[in-house]
Amino acid sequence: MERIDVRKNNFRKRKRVAGDEMRNIALNEAKSWAEVLLDVECQGRKDREGPIRYRLARKLGIPESYLYRLQYKTNEMNDVRGSVYRALMLAYEDVCRRNEEAADGYRAERLRLRKINAVDRKPAEAGMGMDAPRD
């Protein structure tokens, strides 16, 4: 009677499941990055999805149809192309970096203005308020 190594088959099955999970994670990340980038690309209330997708696809160098599929047909996709994943990831990281730089600039400006206002402020005059002595 021939003996079958069961461990080998289980390993292959686990490897396939792990690969499927990684593909799903990559696909979900790509979809969320595309959504954020489409929101950033929007130029106003009357801007429509088609031109937004077109501009973003041109900037990233990926097909517009791929952005459409990520936006509306993710459940039909099995995985995401590596070049598209990388382009979306880099663009998303750039948007995050620019956002953080802007926030740091606003914070520095706010602290500078707070410091200027604190120097220019005069102390409160005596006799003002509820605890002022009565004559």
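Visitor: What does arginine 69 touch, leaving aside its neighbours within four places in sequence?
Guide: Arginine 69 is in contact with Thr74 and Met77, once those neighbours are set aside. Contact here means heavy atoms within 4.5 Å.

Visitor: Before we go on, what kind of model is this?
Guide: This is a predicted model, where local features need pLDDT of at least 70 and side-chain atom pairs count only at pLDDT 80 or more, while totals for chains, interfaces and linings use all residues. Residues are numbered from 1 along each chain as its sequence is written, and side-chain values use heavy atoms, with hydrogens and water left out.

Visitor: Okay. Which helix holds arginine 69?
Guide: Arginine 69 sits in helix α3. Helices are DSSP runs of H or I with at least four residues, strands are E runs of at least two, and both are numbered from the N terminus.

Visitor: Is arginine 69 buried or partly exposed?
Guide: Arginine 69 counts as partly exposed because its relative accessibility is 35%. The cut-offs are these: buried is under 20% relative accessible area, exposed is over 50%, and partly exposed is in between, with a 1.4 Å probe and protein chains only.

Visitor: How far is arginine 69 from lysine 31?
Guide: Their C-alpha atoms are separated by 9.2 Å. Along the chain, the two residues are 38 apart.

Visitor: Zoom out. How many helices and strands does the chain have?
Guide: There are four helices and zero strands. Read from the N terminus, the order is α-α-α-α.

Visitor: How much of the chain is buried?
Guide: Of the 135 residues in the chain, 19% are buried.

Visitor: Which residues make the contact?
Guide: From α2 they include Glu49, Arg53 and Ala57. From α3 they include Glu64, Leu67 and Tyr72.

Visitor: Tell me about arginine 53. Where is it?
Guide: Arginine 53 lies in helix α2, which covers residues 49–60. Arginine 53 is buried, because its relative accessibility is 9%. Beyond its neighbours within four places in sequence, its contacts include Leu38, Tyr68 and Gln71.

Visitor: New topic: alanine 30. Which helix is that in?
Guide: Alanine 30 is in helix α1, residues 6–41. Alanine 30 is buried, because its relative accessibility is 0%. Not counting residues up to four places away, alanine 30 touches Leu70, Val80, Tyr85 and Leu88.

Visitor: How far is alanine 30 from valine 84?
Guide: They are 54 residues apart in sequence. In space they are 8.1 Å apart, C-alpha to C-alpha.

Visitor: And glutamate 41, where is that found?
Guide: Glutamate 41 is also in α1. Glutamate 41 is buried, because its relative accessibility is 9%. Among its contacts, residues up to four places away aside, are Asp47, Arg55 and Lys59.

Visitor: Last one: how many disulfides?
Guide: The count is zero. A disulfide is a pair of cysteine sulfur atoms within 2.5 Å. Cysteine 42 is partly exposed, because its relative accessible area is 36%. Cysteine 96 is partly exposed at 26%.
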